[in-house]
Amino acid sequence: MSDSNNPVKRLSLTNPWHFLALGFGSGLAPKAPGTFGSLAAIPLFLLLSPLPWLAYLALTLLAIVGGVYICARASRDMGVHDHSAIVWDEVAGMLITLFMVPLTWQWLLAGFALFRFFDILKPWPISWCDKHLHGGFGIMIDDVLAGVFAFACLQGLLAWLG
């Protein structure tokens, strides 16, 4: 694909909506942009993790609700629905996954692995949402659900380990 036909070239990191949609630039990775978007969420998680749980939850909800607009805007500006460079949905999904998880590298790694597992394999109902829901909400919802699934697994593991 030539640069003139590349929809990513229609975005600019100086545009705040594009910057967020591209996961602070991580979505521009030539391979596995979703993985890089998920990794880009970790510094944001580390920044938010000292906050009280209610503040963390409120900011995560803001990332989700705002993500509907952010992803819709970038998708519209690119002229492509859910382009792989749009990774704000992965950022929000990771914030969900890591909610109330101990701040250790082992739990971060487990959260990352579980989120990527659910985001890539897309078990039902994630796969249904991915195929049938469109627009900014459609871009966001499959990763929100992957984050909820990964969160549930992590919390179950935490409870099991005591």
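The legends below describe close-up views of a predicted model. Local features in this predicted model need pLDDT of at least 70, side-chain atom pairs count only at pLDDT 80 or more, and totals for chains, interfaces and linings use all residues. Residues are numbered from 1 along each chain as its sequence is written, and side-chain values use heavy atoms, with hydrogens and water left out.

View 1. The structure holds 5 salt bridges, a salt bridge being a side-chain nitrogen of Lys or Arg within 4 Å of a carboxyl oxygen of Asp or Glu. In one of them, arginine 73 is joined to aspartate 77, with the closest N and O atoms 3.3 Å apart. These two residues lie 4 residues apart in helix 3 (residues 53-78), and are therefore separated by about one helical turn; helices (H or I, at least four residues) are DSSP runs numbered from the N terminus. Aspartate 77 also meets the side chain of arginine 76 in a salt bridge, at 3.1 Å from N to O. Relative accessibility is 21% for aspartate 77, which counts as partly exposed, and 58% for arginine 76, which counts as exposed; buried means under 20% relative accessible area, exposed over 50%, and partly exposed in between, with a 1.4 Å probe and protein chains only.

**View 2. Aspartate 142 and lysine 122.** The side chains of aspartate 142 and lysine 122 form a salt bridge of 3.0 Å, N to O. This pair links distant parts of the chain, since aspartate 142 belongs to helix 7 (residues 135-161) and lysine 122 to the loop between helix 5 (105-121) and helix 6 (126-132), 20 residues apart. Aspartate 142 is buried, with a relative accessible area of 2%, and lysine 122 also counts as buried, at 18% relative accessibility. Through salt bridges that share partners, Arg116, Asp119, Lys122 and Asp142 are joined into one network.

**View 3. Helix 4 and the helices around it.** Helix 4 (residues 88-97) is mostly covered, as 10 of its 10 residues are buried. Among these buried residues are Trp88, Val91, Met94, Leu95 and Ile96, together with Asp89 and Glu90. The buried residues of helix 4 pack against helix 1 (16-21), helix 2 (33-48), helix 3, helix 5 and helix 7.

**View 4. Aromatic pairs.** A search of the whole structure finds 9 aromatic pairs, where rings of Phe, Tyr and Trp (its six-membered ring) pair if their centres lie within 6.5 Å, and planes under 30 degrees apart count as stacked, over 60 as edge-to-face and the rest as tilted. The rings of phenylalanine 19 and phenylalanine 24 have centres 5.6 Å apart and planes at 65 degrees, so this pair is edge-to-face. Phenylalanine 117 and phenylalanine 118 also form an edge-to-face pair, because their ring planes stand at 80 degrees, with centres 5.1 Å apart. Of these two residues, phenylalanine 117 is partly exposed at 43% relative accessibility, whereas phenylalanine 118 is buried at 10%. Elsewhere, ring pairs link Phe45, Trp53, Tyr56, Phe99 and Phe151 into a cluster.

**View 5. A nonpolar surface patch.** Leu13, Phe19, Phe24 and Leu28 make a nonpolar surface patch of about 320 Å². Patches are made of residues with over 30% relative accessible area and no salt bridge, with nonpolar side chains (Val, Leu, Ile, Met, Phe, Trp, Tyr) joined within 5 Å and like charges within 9 Å. Leucine 28 is placed in the loop between helix 1 and helix 2, and is partly exposed, with a relative accessible area of 40%.

Terms used. Contact means heavy atoms within 4.5 Å. Accessible areas come from the Shrake-Rupley method with a 1.4 Å probe; for residues, only the protein chains shown count as cover.
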